[in-house]
There are 4 protein chains.
Amino acid sequence: MIRVLVWNEFQHEKTKDAVKAIYPNGIHNTIADFLRCDDIEVRTATLDDENCGITKEILDETDVIIWWGHMAHKKVPDEVAALVRDAVNSGMGAIFLHSAHHSKPFKLLMGTPCSLTWRESSDSELVWVTDPSHPITQGIDRAIELPHEETYGEPFSIPNPDKVLFIGGYSGGEVFRSGCLFQRGNGQIFYFQPGHESFPTYHIPEVQTVIRNAVRFLAPRYRADILCPHVRKWGDPQGYVR
Amino acid sequence: MIRVLVWNEFQHEKTKDAVKAIYPNGIHNTIADFLRCDDIEVRTATLDDENCGITKEILDETDVIIWWGHMAHKKVPDEVAALVRDAVNSGMGAIFLHSAHHSKPFKLLMGTPCSLTWRESSDSELVWVTDPSHPITQGIDRAIELPHEETYGEPFSIPNPDKVLFIGGYSGGEVFRSGCLFQRGNGQIFYFQPGHESFPTYHIPEVQTVIRNAVRFLAPRYRADILCPHVRKWGDPQGYVR
Amino acid sequence: MIRVLVWNEFQHEKTKDAVKAIYPNGIHNTIADFLRCDDIEVRTATLDDENCGITKEILDETDVIIWWGHMAHKKVPDEVAALVRDAVNSGMGAIFLHSAHHSKPFKLLMGTPCSLTWRESSDSELVWVTDPSHPITQGIDRAIELPHEETYGEPFSIPNPDKVLFIGGYSGGEVFRSGCLFQRGNGQIFYFQPGHESFPTYHIPEVQTVIRNAVRFLAPRYRADILCPHVRKWGDPQGYVR
Amino acid sequence: MIRVLVWNEFQHEKTKDAVKAIYPNGIHNTIADFLRCDDIEVRTATLDDENCGITKEILDETDVIIWWGHMAHKKVPDEVAALVRDAVNSGMGAIFLHSAHHSKPFKLLMGTPCSLTWRESSDSELVWVTDPSHPITQGIDRAIELPHEETYGEPFSIPNPDKVLFIGGYSGGEVFRSGCLFQRGNGQIFYFQPGHESFPTYHIPEVQTVIRNAVRFLAPRYRADILCPHVRKWGDPQGYVR
């Protein structure tokens, strides 16, 4: 079983009727519901939980974390963000969705501002597959059609991704690297742009397929202590002498 | 002085009045004319020249080659394509424009089919800068506006570029990695998508700026024999023993 | 079942007693023997087979090809090398071993000379793991010890690998990127340096583990026609109009 | 003029006679002395200066920072490390030397633990050039010979570098990615491994050549505010509508 933890700041859904209408139980529960299946088990956590619902013990039991946040990034304590960064480096997979590009854990893992250009608009978006052979793009045709999505634009100040899997194009003209893979330490990270809270993006089957594919791709193959990610069963902690 | 060789198959301009109206002396002479300046000297060569106007001696005296081809890729002899590949590996810079994605030298350097999706359309294109700090994007605002351009679409079957500098978005919906850098051996390669023969793309100042920037960026820093690119002033061709 | 084709030029083993003593049935059969297991089935082919034992039909039924060659690279017809390149681009995995860095298919896929520095020596080698989290390095401690191996040295004129998994260090002082991953089209390529014909390298359990891991990692996830690697179930071959 | 700031924690040189004998005025002054020339001007700063000698104003006037630290990484305030990270993202170049792999600014920029294996030894090291065409390796033969250097070993838990320029091999058997390039935001970063305080490494001409080359390569081409690295002269901060 792949053990997923869906983290959602869960603020918009409580305060805006329009968002609540789309995600009555919160974005986290929508994601949890479509992910649960024979090989995936899901827990959720939110900003208002104690310590954001995140401890080292919980992350040790998590194969892939999914993170959604937008208006309350600053309310996540630095210590919680560092726990997530450290767990990824030790081997936990991480999916950062939409506005989580500005979340503390993502920025800690990237080392860059992760800024972008944005517009709230009525744009439609085509999210194009750039690598049709990758496990994360399987089951997706040439593009995912999103009737409405918040417009994101380049430049996106991230390190050069290990691989760009999707590029989005908006009816307003902008383009965006919408699906990016990064490795940090032993862990794999996938940034996926679709998912503004005002639109029912996570109810779209192709979006669900990509997230499910990503969970399976990111599930850790190997996990080791962050402080000594290199020490395996080698004898001498000071190294090796021939 | 940076020594540039502009190569153009020079077929459309001879046979189609509409193309001849845009580039009366051929695409190669338009490019040569806007490039010539205090630090850049330019020669041209075309398909109908003897041996395509390319010999090892000519390439040895070329710092950056610019390649435009479309309908006659197959008429370029394999030996000529191999000469270009070898010169790049020894340190010559190379700019492949538009439909040169399917030219023999580019495909030899990439090792992939370099296929893409395309449509002849009346699309407009915005060519977005993804790295505003790179020397090749200097002088360009957030995007270059092309009133009309042939539509290219992903997936573009190239190896993972060392760096994507531009992503194009078309009014018809497609997106494309329009500016890509690759290193092969000692040489740097820049693929740049704008430039369908039916549109006056190479008369647009921003397009000229990008090509001029690229010439200066790609001009070789170091040049060595392709067969032994690693041998510098080291003594023993069999290697080194400590 | 993963379908593997082990290709070996099979020349040294016929002409040199010292090599025959190490690999009495040829390097290909040694590799085939240790690979065969519940999820891997293996065929072999050699230079002296008709058309090198390679046709499009055979490659279509191959998930991963393993290539060993040294003294007879030039005897492989260009058409055979192109078949291998095209199959990799369509999605077949490929493992190039040791002196196959100079084989025709590898050079076609890389686009570079793939040269290196070498010495025949009595060097020992430590092949160090640089990414302990990767599926290909699982089961390997910090380094593989090779009592004797031909010395390879940098610079190795390959494109920037997608990932370096192993770096070798020799008792004579040289270092070498001994395990490199590349994607070309839909296919994954792994270059692995150990395996000079004069030493019993392929009898070493850790070397066998790496090759077995690589077979499982490279087995194709998706396979499509080389000429149109981007066309999946999309309708219009001319592209898509929104 | 390229404006360089050499930062050194400057602790070993005050407390250990053996180190003081090698660098009587501190490592920073040795580096400053060999760097100063017609196109490079140099200032220095150390841990014991007020605020470590680092303010936003000073960094705004710095093209390339060079960082050496070892025993006192933790004494650098988090705010100072964040200033350096932000300046790099806005376009400042940064060279991290030797044990600065564990410095706070480097770790912030990488997002990984940046751990490695190490031994204090009497090892000699050969630092091999892996890309002889790169500006940073010009003037260096196939390898730099270091009679004595602290032994560093893989795995080095850094993100996949944009380019590996040097790989070190030690007489004790270890190998290490000794010269690595990374881009973060608008800034370029070079990690260079030689330079243990107990050995006169920075007195070796080839080591000085590499650092001087790196200063010239990293000097910023473009500089912009970290919070909006994408905003150039575009009009609307909310983005662009076609």
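**Strands and their partners**

Author: Let us begin with one pair of residues: Cys180(B) has Tyr191(B) in β11(B) as its bridge partner. This is a predicted model, in which local features need pLDDT of at least 70 and side-chain atom pairs count only at pLDDT 80 or more, while totals for chains, interfaces and linings use all residues. Residues are numbered from 1 along each chain as its sequence is written, and chains are lettered from A and ligands numbered from 1 in the order in which they are written.

Reader: Which strand of chain B is joined to strand β11 (residues 187–192), and by how many bridges?

Author: Two strands pair if DSSP finds at least two bridges between them. Helices (H or I, at least four residues) and strands (E, at least two) are DSSP runs, numbered from the N terminus. Here six bridges link β10 (residues 175–184) of chain B to β11 of chain B, and the two run antiparallel.

Reader: What sheet do the strands of chain B form, and in what order?

Author: In a regular strand the side chains alternate between the two faces of the sheet. In chain B, nine strands make an open sheet with mixed pairing, in the order β2-β1-β3-β4-β11-β10-β9-β6-β7. The edges are β2 (40–46) and β7 (143–146) of chain B, each with a single partner strand, so one side of each lacks a neighbour in the sheet. On average, neighbouring strands of this sheet are turned by 15 degrees against each other, direction ignored.

Reader: Which strands of chain B does helix α5 lie across?

Author: For angles, axes are lines fitted to C-alpha atoms, for helices over the stretch in contact, and the values run from 0 to 180 degrees between N-to-C directions. Two residues are in contact if their C-beta atoms, placed from the backbone, lie within 7 Å. Helix α5 (residues 78–90) of chain B lies across β3 (64–68), β4 (93–97), β10 and β11 of chain B, at about 120 degrees to β11(B). Helix α7 (residues 205–218) of chain B also packs on the sheet, touching β1 (2–8), β2, β3, β4, β7 and β11 of chain B, and its direction makes about 170 degrees with that of β11(B).

Reader: Is strand β1 of chain C buried or exposed?

Author: A residue is buried if 20 or more other C-beta atoms lie within 10 Å of its own, exposed if 12 or fewer, and partly exposed in between, with C-beta atoms placed from the backbone. Five of the seven residues of β1 (residues 2–8) of chain C are buried, so the strand is largely enclosed by the rest of the structure. β1(C) pairs in the parallel sense with β2 (residues 40–46) of chain C over seven bridges, and there Asn8(C) has Thr46(C) as its partner. Five bridges also join β1(C) to β3 (residues 64–68) of chain C, again running parallel, with Leu5(C) partnered by Ile65(C).
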